[in-house]
Amino acid sequence: MNYSLGLIGYPIQHSLSPWIHERFFKKTSTAGTYRLIEISSNVSFTEEMTRLKAEGLNGFNVTVPYKEKIIPFLDKMDENAKVMGAVNTVVNENGQWIGYNTDGTGYVRSLQSKYPKLLKEKKTRLLLIGAGGAARGIYYSLIKAGFQNVDIANRTIKSAENIKNLKEGTIHTNILSLDEAQQQLHLYDVIIQTTSVGMKPNQHMSIIQLTNLKTDCIASDIVYQPLQTEFLKQGEAQRAHLHYGHTMLLYQAQAAFEIWTGIKPSTDGMDLELMNKLRGNE
Ligand code: ATR
């Protein structure tokens with residue numbers, strides 16, 4: 001089998017996904033190519049999808065701004081993607097396009113691979129900051145993985161409450177304003193920044209001031225441009241353990257590769273390589 005894979009989105013010229021997937025092909029001795037399929041807003045998305053279907057790609061990733069727009073072109077969606085209302089991975093199964101979302105699972109895999117003991121400690125308290133699409137995916141995957149205490153802080157309380165509706169069983173979720181969260185940071189073992197605040201060109205910004213942290217707190221940011229966000233800098237100054245945003249990118253790609261090929265590629269060494277690549281771009 002020679003896999004023909006790709007990425008649709010706009011703009012994607014600087015995407016690191018081709019590099020990651022070509023690495024996975026090599027690591028798993030799998031034959032295949034992964035190419036960028038940039039679709040600008042000047043062309044008809046429907047026509048592009050018809051063309052892509054005719055091409056018979058084995059699968060592709062979907063990024064901004066098409067994660068929702070792709071849905072009407074799918075034949076099926078997995079549960080995760082349905083809950084997210086967004087798709088980042090499509091597999092072609094005998095001409096049928098099946099949509100998945102590996103963003104949340106990718107995040108949780110990245111966290112667990114770096115901090116494997118977190119889940120064993122049932123009392124681990126996590127705080128999600130933000131309540132957009134990324135937070136929704138991460139919340140859902142955290143509770144599916146078995147985390148029992150996941151609070152959500154957001155500027156708009158209603159959006160956080162919508163995410164809390166995904167809650168099931170014995171999971172505890174408190175909703176907080178950003179000010180309340182600021183006062184209670186000492187309660188949390190893991191603080192996860194899920195908004196785009198702090199992303200280039202606003203790298204001097206942080207959605208919260210990381211002070212008064214619990215000993216051994218993990219500060220996690222999903223932003224990876226810059227690699228060392230203001231949020232992570234503050235975490236480091238407070239002696240927190242850091243969890244970087246590029247690792248989510250790596251593990252969502254691993255989960256996608258697994259969906260396409262049935263093989264789970266090793267990510268050994270790639271965390272550092274990716275870090276160096278991103279540093280080179282800064
Ligand atoms: P994504 O889908 O990538 O997660 P999004 O849906 O635009 O992005 O979500 C953005 C999140 O960042 C939201 O939680 C948003 O807060 P609101 O729900 O109050 O809009 C949060 N956010 C963005 N800019 C912010 C800012 N300047 N201050 C506080 N929160 C901000």
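Two strands count as paired if DSSP finds at least two bridges between them. Keep that in mind for β3 (residues 59-62) and β5 (residues 89-93), which run antiparallel and are joined by 3 bridges. One caution before going on: this is a predicted model.

**The overall layout**

- Where the domains touch, 5 residues of domain 1 are in contact with 7 residues of domain 2.

**The mixed sheet**

- What order do the strands take here? The open sheet has 6 strands, and you read them off as β2-β1-β3-β5-β6-β4, with mixed pairing.
- At the edges sit β2 (31-38) and β4 (76-77), and each of these pairs on one side only.

**The parallel sheet**

- There's another open sheet of 6 strands, in the order β9-β8-β7-β10-β11-β12, and its pairing is parallel.
- Its edge strands are β9 (175-176) and β12 (241-243), each pairing on one side only.
- How many bridges join β7 to β10? There are 4 between β7 (residues 125-129) and β10 (residues 190-193), and these strands run parallel.
- Take I129 as an example: its bridge partner in β10 is Q193.
- Helix α5 (residues 133-145) packs on the sheet, touching β7, β8 (149-153) and β10. Its direction makes about 165 degrees with that of β7.
- Helix α8 (residues 230-237) packs on the sheet too, touching β7, β10, β11 (218-221) and β12. Compare its direction with that of β11 and you get about 170 degrees.

**Helix α9 and its helix partners**

- *With α1:* Helix α1 (residues 17-27) packs against α9 at an angle of about 50 degrees, with the axes 10 Å apart. That angle is why α1 counts as oblique to α9. The crossing is right-handed.
- Which residues make that contact? From α1 it's I20, H21, F24 and F25, and from α9 it's L249, L250, A253, Q254, F257 and W260. Sorted by class, the contact of α1 with α9 has 8 nonpolar, 2 polar and no charged residues.
- *With α4:* Helix α4 (residues 103-114) meets α9 at about 115 degrees, with the axes 7 Å apart, and this crossing is right-handed.
- On the α4 side, look for D103, T105, G106, Y107, R109, S110 and S113; they meet T247, M248, Y251, Q252, Q254, A255 and E258 in α9. The contact of α4 with α9 has 4 nonpolar, 7 polar and 3 charged residues.
- *With α10:* Helix α10 (residues 270-281) and α9 pack at about 125 degrees, with their axes 10 Å apart. So α9 is oblique to α10, and the crossing is right-handed.
- Here H246, T247, L249 and L250 in α9 meet M270, D271, L274, M275 and L278 in α10. By class, the contact of α9 with α10 divides into 6 nonpolar, 2 polar and 1 charged.

- The peptide bond from K200 to P201 is cis, with omega near 5 degrees. You'll find P201 in the loop between β10 and β11.
- Q225 and P226 are also joined by a cis peptide bond, with omega about 10 degrees. P226 is in the loop between β11 and α8.
- N212 isn't a glycine, yet its phi is positive, near 55 degrees. Look for N212 in the loop between β10 and β11.
- R239 isn't a glycine either, and its phi is positive at about 65 degrees. R239 lies in the loop between α8 and β12.

Terms used: Residues numbered from 1 in each chain as written. Predicted model: local features only at pLDDT ≥ 70, side-chain atom pairs only at ≥ 80, totals over all residues. Heavy atoms only, no water. Helix = DSSP H or I, 4+ residues; strand = E, 2+ residues; numbered from the N terminus. Contact = heavy atoms within 4.5 Å. Axes fitted to C-alpha atoms, helices over the stretch in contact; angles between N-to-C directions. Parallel < 35°, antiparallel > 145°, perpendicular 65-115°, else oblique. Left-handed = near helix turned anticlockwise from the far one by under 90°. Nonpolar A, V, L, I, M, F, W, Y, C, P; charged D, E, K, R; others polar.
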